[in-house]
Amino acid sequence: MQIKDIMSEEIHYIQVPGNRANALELMRKNNVSGLPVVKKGTKTLLGILTRTDLVENPDEEQIALIMTRDLITVAPDDNIKDAARKMVENNIRRVPVVDSEELVGLVTASDLVNKALWKMDLNDPAENYILLNVPTTWERTPLNVAFSIMRYFNLKVLLALNNEGKPSGILTETDFLEESEVVSEQTVHNTSVGTEGDKWSWDSTNVLYVFKNHLQFSDKEVRDVATSDLAIVTTKTPVKDCANKMRQRNIEQMPVIDVEGELVGLIRAGDLIKSLLD
């Protein structure tokens, strides 16, 4: 199967020059977490911008200074395994499709799952592909604390647990962004410079004002924002069935439990596509 058979041809992209507010509004409007960046008035691909880029650069407004320029691309006639390999090797979720340096499509891990994997005879159990080191938190945790936990693990997803320690919800980076705003905070640094001498010496003070932007979250708790209608699979669920469940629910990750019902990890679209390379 070729890239052109599964790629999204209706591409949401942003032009440069542009700013973060426009990019975030476009992401929210079209419910996407990443946007190819093209030169204004053309389809010439210059970079790619993700929600993570926006989160990690709250002080920067210009898209050209936030976007990733080191591009990984595929061509329409490439095999879908080429896209899967590039995603896995570079730990990315989407790859622009380029023809003669012009953007013609986009293929994501979800495209591979929704349009290919669920149809294939892939019977390997989920346990071969699950992510074991998954961030979890109590469902009553404040959002700002939960966000810090997620970022500590360098992931884009967080599982919520109830009082019994069972999965009760799931949050993504997108959920956190929807409940936050960029605010500017001023800090004042004083440095006193004295002169040696007697008691009549004058002291001088240098004042440095530092303005820094950061994300400020609402006062909600994790349970107020998390998706509670969870799709859950077991360690023995075949890859094709995991893919089909993701396709049916239009999701990109699911908690994984063992035969006794205990949480053991998470399986993501980006994990499932590794089955194409085995």
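I looked up what helix α10 packs against. Its buried residues touch α6 (109-115), β11 (233-234), β12 (253-257), β13 (263-268) and α11 (269-272). Contact here means heavy atoms within 4.5 Å. The model is predicted: local features need pLDDT of at least 70, side-chain atom pairs count only at pLDDT 80 or more, and totals for chains, interfaces and linings use all residues. Residues are numbered from 1 along each chain as its sequence is written, and side-chain values use heavy atoms, with hydrogens and water left out.

I then listed the buried residues of α10 (residues 239-249): Val 239, Cys 242, Ala 243 and Met 246. Buried means under 20% relative accessible area, exposed over 50%, partly exposed in between (1.4 Å probe, protein chains only). Seen down the axis of α10, these residues fall within an arc of 100°, so they line one face of the helix. The arc is taken from the directions from the helix axis to the C-beta atoms. An α-helix has 3.6 residues a turn, so residues three or four places apart point the same way. After α10 comes Asn 250, with a positive phi near 55°.

Next I checked the open sheet of 3 strands. Its order is β1-β2-β3, with mixed pairing. The edge strands are β1 (14-16) and β3 (45-50), each pairing on one side only. Pairing requires at least two DSSP bridges between two strands. Helices (H or I, at least four residues) and strands (E, at least two) are DSSP runs, numbered from the N terminus. β1 and β2 (residues 34-39) pair in the parallel sense over 3 bridges. I found Val 38 in β2 as the bridge partner of Gln 15.
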